[in-house]
Amino acid sequence: MSSTSGQSGDKPVYRILGPLEISDAAGRELRIPPGRQQTVLGALLLDVNRVVSLDRLIEAIWYSDPPATARTQVQICVSRLRGTLATIGGTGDLMTRGPGYVLLVADSQLDADAFATLVAESAELTSKNALEEAAQLLGRAIALWRGPALSGTTSRTLEAKASHLDEQRLNAVEAYVELRLRLGRHHQLIGELAGLVTAHPLRERLRGQLMLALYRSGRQAEALETYRAGRELLVEQLGLEPGDELRQLETAILAGDSGLQQSPAPAPVAEPPAVVPFQLPTDIADFTGRDVLIGHAERLLLGGVGKRATPVVVLAGKPGVGKTALALHIAHRLAESRYPDGQLYCDLGGTRAHPATPLDVLGRFLRALGLPGAAIPDSVDERAETYRHLLAGKRMLVVLDDAGSERQVRALLPGSSSSVVLVTSRTRLTGLAGAGVLDVEVLDTTQAIGMLATMIGDDRVAAEPAAAQALVRLVGGLPLALRIVAARLAARPSWSLAWMLDRLSNERRRLDELTHGEMMVRASLALTYDGLEPDVRRLLRLLSAFDCLSFPAWVAAALLEVDLFHAADLLERLVDAQMLEVSAVEEDGSPRYKFHDLIRLFAREQLDEHEQVAGRHAALGRVAGGWLGIAREAHNRIYGGEFTVLHGQAPRWLPPATYLDRILADPLVWLEAEHDNLCSIVTLTAEATLAEWSWDLAVTLVALFETRCYFDEWERTHRQALEAVRAVGNRRGEAALLCSLGSMHLSRAQPEAATAPLTAALTTFDALGDAHGKAMARRNLALLDQAGGDEQAASARFHQALAEFREAGDPVGEAYVLGRIAQIELDGGDEEAAGARLTEALRICLRTGTPRVEVQLRYRLSELMMRQYRHEEAAQVLAEVLEMARAARDLVGEARILHRLGLVQGKLGRRERAEQLLLEALEVQEQISGATSGTRMRADLATLQELPR
């Protein structure tokens with residue numbers, strides 16, 4: 001079946017062959033606002049089903065001058081596009097895929113795809129001399145155009161890409177004219193060609209076609225005048241003579257060459273082969289989904305017909321993803337109408353212990369092609385030559401299933417482009433020159449639900465929609481697992497989907513449940529696993545112990561105690577074997593990896609079977625040491641050193657310095673990006689009673705928790721680590737965690753909850769003689785005194801903490817406490833003393849390079865300036881620290897600074913600006929603490945608004 005006959009169902013229809021247009025299945029047009037949304041959508045449609053990076057979208061909108069907020073603006077734009085597309089059935093089509101976005105579109109949804117398919121089909125018919133049918137298809141293709149591609153766009157980047165489509169249209173127009181000339185329709189073409197030559201005066205092929213049409217219509221003089229006009233234009237504008245083809249045509253017209261007259265097109269000749277093999281296994285009756293992938297594969301296969309190389313498509317994917325079912329479905333769609341000379345199929349068994357050899361497969365194929373056994377050569381090379389000879393000129397479809405390597409496939413490729421080859425493999429086989437490699441991913445939720453409904457009935461799925469979606473999530477959209485679930489449910493009509501869900505919910509039993517007849521997920525995964533090298537298998541096992549959604553390459557290096565690049569090579573072997581996948585490419589250019597959930601479960605079974613507990617804990621300690629080492633380095637870069645934090649004695653592991661510099665270019669950004677993994681490591685080390693790693697990492701993460709207001713994670717990680725340190729009697733770790741928990745309660749305005757842990761922490765630090773710990777705990781108790789209004793007690797504790805920070809050699813802690821003492825002095829009216837304290841503290845910050853504490857100190861300095869009526873200076877200071885807080889994404893600091901800056905602008909009489917700043921402050925505060933927060937901000941805003949205008 002032609003791919004152009006597919007239906008888009010209730011999906012949107014996109015048109016870019018002209019102005020950008022979208023409509024629903026009923027033809028109702030959807031308006032996309034001009035500007036950025038149209039530019040983003042246009043960029044995605046020019047690269048449908050391929051990831052378009054965020055950087056490319058930014059370039060498309062702003063070219064070489066993007067604003068600082070470009071990434072955020074594009075993300076907002078994409079979010080709005082998703083909402084717009086959802087109104088006409090495009091839910092889920094626009095997906096986030098690192099490092100950008102992908103718009104999933106079936107070939108029937110996009111006019112450019114339909115155009116390309118019709119042009120390819122026309123070319124194929126032309127090669128068979130079916131000129132009338134070929135012309136009809138080209139006419140349909142050209143009729144899809146409504147003007148220049150993406151006309152109306154203001155993006156230089158899109159205009160450049162759209163021009164390639166316009167060139168394809170002109171090529172199609174020329175081919176359409178050529179076909180009609182061959183069909184003898186020169187009289188009807190003259191007017192149309194005259195208009196085309198006027199519009200495109202430098203296209204020599206169009207001018208030659210007009211000359212030929214005029215000559216065949218008995219208008220020789222006009223044909224020659226058309227040539228002379230074209231020559232003058234070329235010489236005048238380009239300084240060039242016409243090309244050989246146009247000059248030869250002029251000569252032939254002058255000579256009255258009879259070869260220019262129309263000759264009847266030969267009738268197509270079809271000589272069926274003596275033996276027509278039909279080896280394809282049966283198609284799956286309930287096959288559903290994969291429309292986009294099917295369309296892409298068919299375009300690659302059919303688009304290569306007529307070229308010299310054999311079209312080859314490799315369907316690559318992890319075990320159980322449905323590669324074979326997809327390949328057979330595509331093959332059956334194409335077999336009868338496209339490849340009447342037959343179909344060859346072989347399961348190469350690339351993942352089995354003894355895969356099929358090219359010698360054996362060629363022997364099977366030669367016999368299927370009618371060669372007697374005695375005539376089959378003995379060597380691989382001779383068999384391959386005979387095979388290519390027998391397929392020469394024939395339209396044969398070859399399916400090679402479960403290929404293990406390129407070497408297994410190369411000898412099985414036909415020698416001509418009239419045949420096509422479809423390969424499935426668990427590796428990507430990128431070494432097959434010219435092959436189109438398509439990654440077969442797991443099914444999305446909609447496709448998976450559709451497959452389930454097809455197998456067990458719409459009624460059962462509709463009766464339990466939540467259970468159906470949960471089943472899909474549990475098996476991660478893996479088609480083999482889903483087919484097993486559906487087969488079990490179909491075999492037991494009395495089972496509810498909820499009951500099946502309960503059976504699968506236990507991770508330890510899940511792979512046992514995913515078995516039905518000869519279908520077994522575990523067995524499918526084992527075939528690939530057994531074929532891996534020992535060190536690659538061990539890496540897979542050890543990686544499965546972690547709950548990371550994704551992880552960088554250095555994790556493997558720490559696990560195996562090898563260098564980073566050797567570890568990356570081992571990871572790529574797992575990717576090649578489809579046991580891991582690359583989830584994203586980070587901004588530093590390094591890849592991130594992730595598991596499919598069922599593969600992780602299988603790997604954990606292998607971990608339990610092959611790795612002793614001691615070895616597993618040692619591996620966990622090495623990886624935890626890596627996360628701890630990088631997190632500590634991130635903290636140091638934020639605070640200028642190991643200041644305002646307590647550390648333990650857990651061994652650390654660090655990747656190479658150059659790699660570290662790249663990933664920690666912005667240390668808070670790295671902490672934010674990895675905070676799920678970091679929190680997970682705290683949990684895992686706590687459960688494994690690796691207490692020293694657990695508490696050290698937990699308190700190190702406060703640099704992130706406090707800045708981003710991650711109070712839930714702050715409390716959860718600390719409670720988990722606290723249980724671990726208490727289990728092993730680690731008193732210093734316990735005190736450090738209690739001190740940090742007290743700080744958390746202070747940040748959450750819970751002074752009552754802060755008292756007990758801070759008091760206990762100070763007692764323990766005092767007993768241990770830990771000056772740094774005492775300084776930290778005493779500082780927090782002073783903050784508690786200050787929150788309770790006891791400025792005298794707070795001042796005494798701050799002064800004591802100041803001496804302890806100096807004793808411990810923590811200048812940043814010293815600067816912070818100086819700032820707090822300055823605030824007390826400021827509140828007491830001693831502006832001179834407060835100014836001296838702040839000057840001393842700022843000098844320390846400049847020396848250590850600690851922007852976070854500097855922001856806090858300069859914020860207090862602005863208050864001193866306000867008290868001294870230096871409002872313009874205060875406004876300048878606050879504007880500067882606002883930029884610093886925003887750069888660090890310090891929401892708490894941003895809200896406070898905006899609030900004060902609004903008050904300062906009010907003092908300066910800039911009422912509108914003051915109102916704007918107070919509203920911004922309130923908005924940020926509500927992000928942090930909810931809609932009921934920001935009482936003081938609301939009161940100040942109301943006071944400002946009540947003033948007479």
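This is a predicted model: local features need pLDDT of at least 70, side-chain atom pairs count only at pLDDT 80 or more; totals for chains, interfaces and linings use all residues.
Student: How many salt bridges does the structure hold?
Tutor: The structure holds 58 salt bridges. A salt bridge is a side-chain nitrogen of Lys or Arg within 4 Å of a carboxyl oxygen of Asp or Glu.

Student: Which residue meets Arg 185 in a salt bridge?
Tutor: The side chain of Arg 185 meets that of Glu 132, at 2.6 Å from N to O. Arg 185 lies in the loop between α6 (156-182) and α7 (186-199) and Glu 132 in helix α5 (residues 131-143), so the pair ties together parts that are 53 residues apart in sequence. Helices (H or I, at least four residues) and strands (E, at least two) are DSSP runs, numbered from the N terminus.

Student: Is Glu 132 buried or partly exposed?
Tutor: Glu 132 counts as partly exposed because its relative accessibility is 32%. Buried means under 20% relative accessible area, exposed over 50%, and partly exposed in between, with a 1.4 Å probe and protein chains only. Arg 185 is also partly exposed, with a relative accessible area of 25%.

Student: And what does Glu 581 form with Lys 318?
Tutor: Glu 581 and Lys 318 form a salt bridge, with their closest N and O atoms 3.0 Å apart. Glu 581 lies in strand β15 (residues 581-585) and Lys 318 in the loop between β7 (312-316) and α12 (323-338), so this pair ties together parts that are 263 residues apart in sequence. Glu 581 counts as buried at 18% relative accessibility, and Lys 318 counts as buried at 4%.

Student: Where do Arg 541 and Glu 611 lie?
Tutor: The side chains of Arg 541 and Glu 611 meet in a salt bridge of 3.1 Å, N to O. Arg 541 lies in helix α23 (residues 534-543) and Glu 611 in the loop between α26 (597-610) and α27, so the pair ties together parts that are 70 residues apart in sequence. Both residues, Arg 541 and Glu 611, are buried.

Student: Changing topic, how many cavities of 30 Å³ or more are there?
Tutor: A search of the whole structure finds one. On a 1 Å grid over the protein atoms alone, a cavity is a set of points where a 1.4 Å probe fits but cannot get out, and lining residues have an atom within 4 Å of a point. The largest cavity has a volume of about 30 Å³, where a volume is the space filled by probe spheres set on the points.

Student: What lines the largest cavity?
Tutor: Its lining consists of Leu 542, Ala 545, Phe 546, Leu 559, Leu 607, Arg 616, Ala 619 and Leu 620. Helix α27 (residues 613-639) gives the most to this lining, with three residues. By class, the lining has seven nonpolar, no polar and one charged residues.

Student: Where is Glu 672, and is that residue buried or exposed?
Tutor: Glu 672 lies in helix α29 (residues 667-673). Glu 672 counts as buried because its relative accessibility is 14%.

Definitions and conventions. Residues are numbered from 1 along each chain as its sequence is written. Side-chain values use heavy atoms; hydrogens and water are left out. On a 1 Å grid over the protein atoms alone, a cavity is a set of points where a 1.4 Å probe fits but cannot get out, and a pocket is an open set with protein on both sides within 12 Å along at least five of seven lines; lining residues have an atom within 4 Å of a point. Ala, Val, Leu, Ile, Met, Phe, Trp, Tyr, Cys and Pro count as nonpolar, Asp, Glu, Lys and Arg as charged, and the others, Gly among them, as polar.
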